[in-house]
Amino acid sequence: MAEYKAPLQDMRFLLNEIFDAPGQWASLPGLSESVDPETADAILEEAGKIAAGTLAPINQSGDEQGCQWKDGEVTTPDGFKEAYQTFAEGGWVGLGGDPNYGGMGMPKSLVGQVEEMMQGANMAFGLCPMLTAGACLALHAHGSEELKEKYLPRMYDGTWSGAMDLTEPHAGTDLGIIRTKAKPNDDGSYSISGTKIFITWGEHDMAENIIHLVLAKLPDAPAGPKGISLFLVPKYEVNEDGSLGARNNLSCGSLEEKMGIHGSATCVMNYDDARGFLVGEPNKGLMAMFTMMNYERLGVGIQGVGAAEASYQHALAYARERIQSRSPNGPQAPEKQADPIIVHPDVRRMLLKMKAHTEGSRAFITYVAQWLDQAKFAEDPEAKEKADGMVALLTPVAKAFLTDRALDTCVIGQQVYGGHGYIREWGQEQLVRDTRITQIYEGTNGIQAMDLMGRKVVGNGGKFFELFANDVADYINANQDEPAVAEYIQPLAAALERLSDVTESVIKASDGNPAEIGAAAVDYLDLFGLTAEAFLWVRMVQAAAPRAENDTSGFYTGKLKTARFFFDRILPQSVALAESIRNGGDSMMAFDEAEFG
Amino acid sequence: MPQYKAPLRDIQFVMNELLDTETHYQQIPGGEEATPDMVNAIIQEGAKFCEQVLSPLNQTGDQQGCTLENGEVKTPTGFKEAYKQYIEGGWPSMTADEELGGQGLPGSLSMVMSEMVGTANWSFGMYPGLSHGCLNTLEAHGSEEQKQTYLPKMISGEWTGTMCLTESHCGSDLGIMRSKAEPNSDGSYSITGEKIFISAGDHDMSDNIIHLVLAKLPDAPKGTKGISVFVVPKFIPDENGNPGERNSVSVGSIEHKMGIHGNATCVLNFDGAKGFLIGEPHKGLSYMFTFMNIARIGTAIQGLGSAELAFQGSLEYAKDRQAMRSLSGAKNPDGPADPIIVHPDVRRMLMTQKALAEGGRAMIYYAAQQADIATRSRDENARKEADELLGFLTPIAKAFLTETGVDAANQGMQILGGHGYISEWGMEQIVRDARIGTIYEGTTGIQALDLLGRKVLMTQGESLKRFTKKVHLFCKEHGDNKQLAEFIEPLAAFNKEWGDLTMKLGSAAMKDREEVGAASYDYLMYSGYGVLAYLWAEMAEVAQRKLEEGTTEEAFYTAKLQTARFYFQRMLPRAKAHADAMVSGADNLMDMQEEHFAF
């Protein structure tokens, strides 16, 4: 298994040269004091070290060993506990947390890069701090002051970890039908009973306490999604002075055997009158969950980018080293028995596809993260409103498009290795198995597509879509005559027009025939993602072009060539997607159930 | 794990209604015996065996895997017994020569069995599957004595075979292999070297294992023209033809891999092992290519099987699992939610799998029919023509069906949501197993080079024309049928574009040899969509005709038509992206300096 190297240069390129992150930070009062370019750079540097030096080395062994369950206790793979200690002590869990409770208050555009390194080095491990950060967000937004003071500091510093307990055996996508119950107690607490499944890091031995955020129904709750409340249920109760008290009545019933992320414990959690505390208002639990959903979903997209980057690094190293057959143009390495496979056009096609997706996706993450920062920290209501709309629109794309492309990328990374890609030892197949979950959890990619198409586009008559389309159109108008991007402006404009046309036609077609939304959704999300990446690639070209002239490193010329590959060989997929969408939903809906077979 | 159910109605549809197998069998030697009744009985029997014996071992085989104990491989519980039943059923000998104890039935019929075996339990199917290649090579190129020694026992299934090609430093490029063969005074050879990725390289199911090993003679020329092939039995047959002395070939280890855990992937060490030359020296690679097409079609089945099994598993789940309400109003008002099959996006995933499984079946059976003609027809011209058509179809079937098979398996897994990721449900196993399909027997990239470089451009496009001519004639014949216009029109347009693009690539390749490798993958995928479009249009024509004539199976034929429609409207457009990419030129791949790929 090749080593992991944090892609710091590309991250700096995005933050400094494409998105002017330091400018944004300086302009936002909530950020200007906590972060400056030097701090950011030091954070990236340190994160790269811990990812490569601490997390990556236990990635493969973690997969092989997996987590072990015995009598309700979960033992993590060798080295995980120590790595978690190091990670927590470095303050990484609370990197984006509120400084009032001990967090470091860093912007998402920076935190996102750190998350990518952590996930790219070890996704199974990375899930634990990711879940904790998510739980902190929900608690921060909706918890009482008392709950926040009691729990947030210990979660930010990693002493305690967090888990999100939503799914039940019969209810995943459709949480409205959950059965877990919460009965009020006299002291203001609640007794929670029920079974939750697929609880990532629901039980383990790395943290002193585990704070579960559990969805349950109060006795008088209305049916459906509007009758769900959110509760904080700690594994160990916490005394007034913050010390740990009695063991709560919750236990891990078993661990799932699964395709990948073996280093992370996927738990069945049983609640048997466990003591819990209401977070936010009764029956508003699902909404409270949605607060952190944007961050979590972006986080899953980031997992995809991390895995894709790791797979690319391995595949590239292999393609340079492995010798096999001669180039069609004659020997390129005549001193060897054969040429390194990187000389072969089809191997390059695979590598460049990986590179284009990974770097494009990283740009996409940074783009969305900046809108998240603006939504959180902007003081101007108009700027905030726009950012909210952009975040709502782009989040499902970031989650689904980036994870779909990440799986493709990891599969290609496996393919570059030929037969060795199928063998565990080399690590490429693990990346495929690990990445496969990202298309499923935190709302399947089909659900993301419905969210985008139904709620975010059709639901408001294309209002959010306009924000995005204007952003791209403004760029096109402003750079019509910019020689550096001349060859791409036209294809970008065509891609935007294609997306806009399709958007309009689906809005129309779904009026009176709601099935058209679901019929278009997945293809539409893919089309949207491609168009957004085309936009970001043009911006990368614009930034790279002036630097390319005197570029001895090849970083900037490499960017230009990758952009060309993207426009020549990836963007054409958008034509196919648009046609498929325009063909409508009849070919799927005409089927009787019996006719399926 | 989905319990496999052989799709007998669809198998019959493709065999009888699409490909008129009855007439076809009457025209090839050995086929006369294969009357419709007999064919039916064989398939029914095979289906029963696959459903009842092999399918239940699929998940346990994955969980247990093979183990290496004291140098011997132990297969998962039940495999040995199942293999015994497989032999007793006479399945290994179906197509072999009657003189050697075979039943002489057409190869295409055994492809149907291979499909059912492979879908029910791919890992199991690889054990007899690998024997085929070994057996065919011996039959075509072995000496009379070798044939007498090995073939009857392999045909009966008592002995199994392997193919030992890959070494740790060479897979796609066999020219650089290192295994050596030293001649002995008795006419045999001492084989020394290490072979890796040897599927079914050792196991406990048969009495002997016959390895076909590629190695170099001391005086061998460099490269691919210096490779010879040897038969190296695990136990050297004694004078009576029984397994005798243990040969010095041993299992170094078995690989830990992503899937197909039930099949032992071995590192085999040959340490002066006794081997016997097959045919002439240095011709090993060309012998291996003799049955490459048929072997690769055998691998292509994995793509179809993955799609079929994933479809069966996810369809059942989609009818059962309840989540959310249909956007057009509750379909299951008495339940807490609607079954997810009402949701358009779930249907999209189901239909994609269905279109690939049924289309893939048509493609495989069609190729198998050509293989029958190519190997058995009395008419030399027909043999030649079928062989060329098969040569064209083979890389497409192998690469396109295994690539789309992985997609289909992923769609099936996706329908189960979180449960899809959990081993218990078996859907993730289908993905893990399917994933090897695009790699072994020549990766997708290698198939693509074979198609565009060797098959299409080297024949100046003739091999493509052979196929597009068929498509053209079909389009012409049904051009007036308005009911079919939605299929015929796009198909005719595609057919024309196919030729145009090929010409374009041909002239580009004359100027720059890199253009072939730069276009090959997209060309192959494009061609796959084209072949499938033709077959779906043919199937739509059958279905439409039956509906018009009147039938008691209206639902079946309507579903066929609808699946064809889905394919044309929702899948065929993907070919456009491949078309654009393939003609975008090699520069966007070759310009990047090697050291600029990452920083």
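Domain bounds are taken here from an automatic or database domain assignment. For chain B this assignment gives domain 1 (8-290), domain 2 (291-442) and domain 3 (453-589). The structure is a predicted model, in which local features need pLDDT of at least 70 and side-chain atom pairs count only at pLDDT 80 or more, while totals for chains, interfaces and linings use all residues. Residues are numbered from 1 along each chain as its sequence is written, and chains are lettered from A and ligands numbered from 1 in the order in which they are written.

The C-alpha centres of domain 2 and domain 3 of chain B are 19 Å apart. Domain 2 of chain B gives 18 residues to the contact and domain 3 of chain B gives 18 residues; two residues are in contact if their C-beta atoms, placed from the backbone, lie within 7 Å. On the domain 2 side, α11 (344-376) and α12 (380-415) of chain B are the elements that give two or more residues. Helices (H or I, at least four residues) and strands (E, at least two) are DSSP runs, numbered from the N terminus.

Between the chains, 81 residues of chain B are in contact with 83 residues of chain A. The largest share of the chain B side, eight residues, comes from α19(B).
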